[in-house]
Structure formats: C-alpha cells, structure tokens
Amino acid sequence: MSRPRRQELTRSIYREARTVATRQALADQAVAARLGIGGTDLLCLGVLDHAGPLTAGRLAELTGLTTGAVTGIVDRLEQAGFARRAKDPTDRRKVIIHPEKTQRERTGALYSPVLDALDAWCRAHSEEELDTVLSYLRSFGEALPRLTAQLRKRPD
C-alpha cells in the first residue's frame, strides 16, 4: 500500500472513530432520556454492568466522580429499579451496588436496532476481518483508560 493511501486510511480511521464515539454519546443520551435517568446515571449503570457489583467508592474511582455524586446516582438508579444496594458480606461497613437484571432487558431493547445492524455486519464478514476489527477495538479500548488516568492526574 502506498504511503499516501496509508496516511489517508489512518486519518479516516481516526475521523470515523471520533464520529462513532460522538454518535454513541448521543445515542446514550437518548437511551437515558427514554429510561428516565440521566446520562451520567446510564454511564454508571454501564460501568456496573461491565465490571459487576462494586462499592460506591470503587464506582467513584472508575468514573472519576465524587463519592457524594455516586451516592446520588445510586439513589436514582435504585429508585428507578436499575440497581440495588446490599451489605458487603466480608465488611458490614461497606455497601455493594448491584445492577438489576431487568436493566439489561430495558436497555437492551432500546439498543437492539444497532445491535441487530452489528450482527448483520458481522455475518457478512470473514473471521479474519472480524479478528482485525476486534484487535483494533481492543487496542483503542485499552488506550482510553490510560488517557483518562493521565488527564485526571493533577499537573505538577
């Protein structure tokens, strides 16, 4: 592949990745509104869904939010039926926040059109192509937490 073509493809990948991230953020806002929760509430719900049950402190660490903000978010998620608090069986002073299984059904139904399109796209491509896309997504996904951690550090 020629160097100019490679540079053009690389720039296009950057541009498309940013477009996807922006469109995902907008879709997430629309999903949150449809569910009657805030965008940050949905973000925390996604973290809980991905990471599993967490303490409020750990959820605060992962999201960069204060523990006070997380408490309010968990209150709202619990009230809306998306999460529940349970005592930590190993340390009764701690509370573990659990995502409710019904939230997957409610949010999954709203995301189903895009998931259906993704399933169709995957069926139309070879395993080798899927491996390449998966490698890209993992690399991009691994770079983002490093960026987040770097940006959250206080400048010296």
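**Charges on show: salt bridges and an acidic patch**

Glu100 is partly exposed, its relative accessible area being 25%. That residue is a handy way into this predicted model, since its side chain meets that of Arg84 in a salt bridge (3.5 Å, N to O). The pair ties together distant parts of the chain, 16 residues apart: Arg84 sits in strand β2 (residues 83-87), and Glu100 in the loop between β3 (95-99) and α5 (101-123). Arg84 is partly exposed too, at 37%.

**Other salt bridges**
- The structure has eight salt bridges in total.
- Arg85 and Glu78 pair up through their side chains at 2.5 Å, N to O.
- Arg85 is partly exposed, with 31% relative accessible area, and Glu78 is partly exposed at 31%.
- Asp75 joins in as well: Asp75, Glu78 and Arg85 form a network of salt bridges.
- Over in helix α3 (residues 56-63), Glu61 and Arg58 lie three residues apart, about one turn of the helix, and their side chains form a salt bridge at 2.9 Å, N to O.
- Glu61 counts as exposed because its relative accessibility is 53%, and the cut-off is over 50%; Arg58, at 38%, is partly exposed.

- Glu127, Glu128, Glu129 and Asp131 make up a negative surface patch.
- Asp131 belongs to helix α6 (residues 127-152) and is exposed, at 52% relative accessibility.
- Leu130 is in helix α6 too, and is partly exposed with a relative accessible area of 26%.
- Setting aside neighbours within four places in sequence, Leu130 touches Trp121, Cys122 and His125.

Terms used: Residues are numbered from 1 along each chain as its sequence is written. This is a predicted model: local features need pLDDT of at least 70, side-chain atom pairs count only at pLDDT 80 or more; totals for chains, interfaces and linings use all residues. Side-chain values use heavy atoms; hydrogens and water are left out. Patches are made of residues with over 30% relative accessible area and no salt bridge: like charges are joined within 9 Å, nonpolar side chains (Val, Leu, Ile, Met, Phe, Trp, Tyr) within 5 Å. Accessible areas come from the Shrake-Rupley method with a 1.4 Å probe; for residues, only the protein chains shown count as cover. A salt bridge is a side-chain nitrogen of Lys or Arg within 4 Å of a carboxyl oxygen of Asp or Glu. Lys and Arg count as positive and Asp and Glu as negative; His and the chain ends are not counted. The place of a charge is taken as NZ of Lys, CZ of Arg, CG of Asp or CD of Glu. Helices (H or I, at least four residues) and strands (E, at least two) are DSSP runs, numbered from the N terminus. Buried means under 20% relative accessible area, exposed over 50%, partly exposed in between (1.4 Å probe, protein chains only). Contact means heavy atoms within 4.5 Å.
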